[in-house]
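Subject: Structure handover

Hi,

Here is the structure you are taking over. Please open it before you read on.

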Amino acid sequence: MEIDKAIGESDDKRLKTKYNNAIFVIKRALTLYSIEEVAFSFNGGKDSTVLLHLLRAGYFLHMKEQSCSNGGLSSFPVRTIYFESPSAFTEINAFTYDAAQTYNLQLDIIRQDFKSGLEALLKANPIRAIFLGVRIGDPTAVGQEQFSPSSPGWPPFMRVNPILDWSYRDVWAFLLTCKVKYCSLYDQGYTSIGSIHDTVPNSLLSVNDTSSKEKFKPAYLLSDGRLERAGRVKKNASLKNDIDTGSQKHEVLLASVIAVGDEILSGTVEDQLGLSLCKKLTSVGWSVQQTTILRNDIDFVSEEVDRQRSTSDMVFIYGGVGPLHSDVTLGGVAKAFGVRLAPDEEFEEYLRHLISEQCTGDRNEMAQLPEGITELLHHEKLSVPLIKCRNVIVLAATNTEELEKEWECLTELTKLGGGSSLTEYSSRRLMTSLTDVEVAEPLSKLGLEFPDIYLGCYRKSRQGPIIICLKGKDNARIDLAAQALCKKFKKDAFVEIK
C-alpha cells in the first residue's frame, strides 16, 4: 500500500508516531463495527484528504491482518458522505469528485444541511460510526475524544476522530510525504477553507510583487500553524488580555496566588516565591486577597483555580509545571475551565529548540496546553513564552531569581505594572510600646472612619513593640488617618518608622 510504504520510508519520527496512532484508531473502529456500519465524512479539505488516505491505509492493513488481502486494494468500501453546498468553492467540488473517481469512493451526495442530511442518512442506513477529520483547534473539537458519542439533540452515532491530536504541521508533513493530491486552493494561499463567503487567502502568505495582482505562497509554508484560520473573514475572537482590559469592577484589582507542591507542604522546601510575588503585586497596586499551597493533585488544583478565578481579577499559579507525574498544574487549570489539554505546535517548537531530541513530540507533556483558552506571552528574554489562560497566569519559575526575570517580562508585556492605570500603594508605619488592649478599640474605630485605608498590626517578637501599618492609594488620606490615630493617645505614643 503506497501510503504505508511512504510513511515507513520517512525519517520524520513524529509523523510516524502520529500515523501509527491514527491507524490504530481506524483499525479499532473497523474491529468494533462492520463495514456497513461505518461511514466517512469527506469535504475536500486538507484534514479530510489526510483522513481519506489514512482510511485507505487503515482498511488495507486491517484486511491484511484478517488474511483477506495480501496485495493492493482495488476498491474502498467505506461509505463516503459529501455535503454539497451552493456556497462551496468550485475547486473543492471538483477535487472531491475527482478523488471519488480516482479512489473508487462510494460517494453519497447530500444537499441538505448537515444535521437534516445526517438524520435522513442514518434513518436509511445501519450506520453506527462516522470517521471525521476533526483536529484540536477546530471550533467543533472542544471536549471530543478519539471515540465520542454524538452530541445531545443529534442523531445517535459514534464520532471517530483519528487525527484529533494532529497539528497543522503534521497534516502537511503527511500530504507532502505521501505525495497525494490535495485541493488546488491550498497552493493559492488558502490555509483553512470554509465557504466562498467567509474564506480568503491567508495574508501571512502574501508575496511582495510588483504586479497588480496579489500573490500568495502555498499553505504548507505557513510557519505558525496556530494562524491557519487567519484567512477566515469571520475570525474567531482573539483572546483579550485580561490584564489590559482588566475588570474595573473593583476600585482595587484583586489577585490570588496558588503554589502547587507536596514538598512545600512537607516542609522539604521553603516557599520563597509566594512571599516575593505578593510583594511585587502589592508594589504595583494590586491587592492579594489569598495565597494557597496545594498538594500535587489535579482535582485540588482544579477546584482552587475555579474558585479563585471567579473572585479574583488575576490568579497566579506556580509549581507543578513540567513532564513529571507530579506536574499537574496545567491539567488542573484545563479542568477548571472545562477544557482538555491539547498539543500546542508553537509551544512545542520552543521546547524542541531547548531540549532537542529529548522532546519527542507525542510524549512531551509540557507541550500540552489548555485547549482554546491559552495565550502565549512572548518576550526576547524568555526561552519559552509565559502561559496565560484567561485570567490565570502560569509561572514556570522555581526560584526568586527566575521569578524576577518572569515578572520583569510580564510587566513589560502587560499593564500589570508601571504601564497600568492603577495607582500604586503608599504606606506609613508607626511603632508603639502600647499594649494590644490599649490600641485595639481605637484602631477598630479608625477603621470605620477610614474604610479606604488598610490597617495592619504585627510584632517582630511577642515582647517587642507593636508596628501599625497604614496602607492606601491616597497619601493625603493616609496622613489624615495617622494624625487621627495619634490624637487618640498621649504625645509621642507613636514613632514613625522610615
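Below is what turned up, from the overall make-up down to single residue pairs.

**Overall**

First, a caution: this is a predicted model. The protein has 498 residues, and 48% of them are buried. It contains 14 helices and 20 strands. Take the contacts with a separation of 6 or more: 74% of them join residues 24 or more positions apart.

**Cores**

The largest nonpolar core holds 58 residues. Seven residues have the most contacts inside it: Tyr19, Phe40, Val50, Leu54, Phe131, Trp166 and Phe174. Helix H3, residues 46-65, gives this core its largest share, at ten residues. As a general point, nonpolar side chains in soluble globular proteins tend to be buried together.

What does Phe131 touch, beyond its neighbours within four places in sequence? Its contacts include Ile26, Ala29 and Leu30. They also include the run Val38, Ala39, Phe40 and Ser41. Leu51 and Leu55 are in contact with Phe131 too, as are Val160 and Pro162.

**Cavity**

The whole-structure search gave one cavity of 30 Å³ or more. The largest cavity has a volume of about 30 Å³. Which residues line the largest cavity? They are Arg14, Arg169, Glu345, Glu348, Glu349 and Arg352. By class, that makes six charged residues, no polar ones and no nonpolar ones. Helix H11, residues 345-355, supplies the largest share of the lining, with four residues.

**Second largest pocket**

This pocket has a volume of about 850 Å³. It is lined by 41 residues. Closest to its centre are Val321, Ala396, Ala397, Thr398 and Glu402. Several elements give two or more residues to the lining. The helices are H7 (262-265), H11 and H12 (400-413). The strands are S15 (386-389) and S16 (392-395). By class, the lining has 22 nonpolar, eleven polar and eight charged residues.

The search found 27 salt bridges.

Lys27 and Glu65 meet through their side chains, at 2.6 Å from N to O. Lys27 is in helix H2, residues 13-32, and Glu65 is in helix H3. The pair links distant parts of the chain, 38 residues apart. Are its two ends buried or exposed? Lys27 counts as buried because its relative accessibility is 18%, under the 20% cut-off. Glu65 counts as exposed because its value is 52%, over the 50% cut-off.

Arg459 bridges to Asp436, with the closest N and O atoms 2.2 Å apart. Arg459 lies in strand S18 (residues 454-459) and Asp436 in helix H13 (residues 436-449), so the pair ties together parts 23 residues apart in sequence. Both ends are partly exposed: Arg459 at 26% relative accessibility, Asp436 at 37%.

Arg169 and Asp170 form a salt bridge at 3.4 Å, N to O. Arg169 is partly exposed, at 30% relative accessibility. Asp170 is buried, at 0%. This pair belongs to a network of salt bridges that links Asp12, Arg14, Arg169 and Asp170. Arg14 and Arg169 also line the largest cavity.

Where does Ser195 sit? Its place is in the loop between helix H6 (168-178) and strand S7 (206-207). Why does Ser195 count as buried? Its relative accessibility is 16%, and buried means under 20%. Leaving aside neighbours within four places in sequence, Ser195 is in contact with Ser87 and Phe89.

Over to you.

Conventions
Residues numbered from 1 in each chain as written. Predicted model: local features only at pLDDT ≥ 70, side-chain atom pairs only at ≥ 80, totals over all residues. Heavy atoms only, no water. Core = buried A, V, L, I, M, F, W, Y, C linked by side-chain atoms within 4.5 Å. Buried < 20%, exposed > 50% of the residue type's maximum accessible area, 1.4 Å probe, protein only. Contact = heavy atoms within 4.5 Å. 1 Å grid on protein atoms, 1.4 Å probe; cavity = no way out; pocket = protein on both sides within 12 Å on 5 of 7 lines; lining within 4 Å. Points joined across faces, edges and corners; volume = space filled by probe spheres on them. Nonpolar A, V, L, I, M, F, W, Y, C, P; charged D, E, K, R; others polar. Salt bridge = Lys/Arg side-chain N within 4 Å of Asp/Glu carboxyl O.
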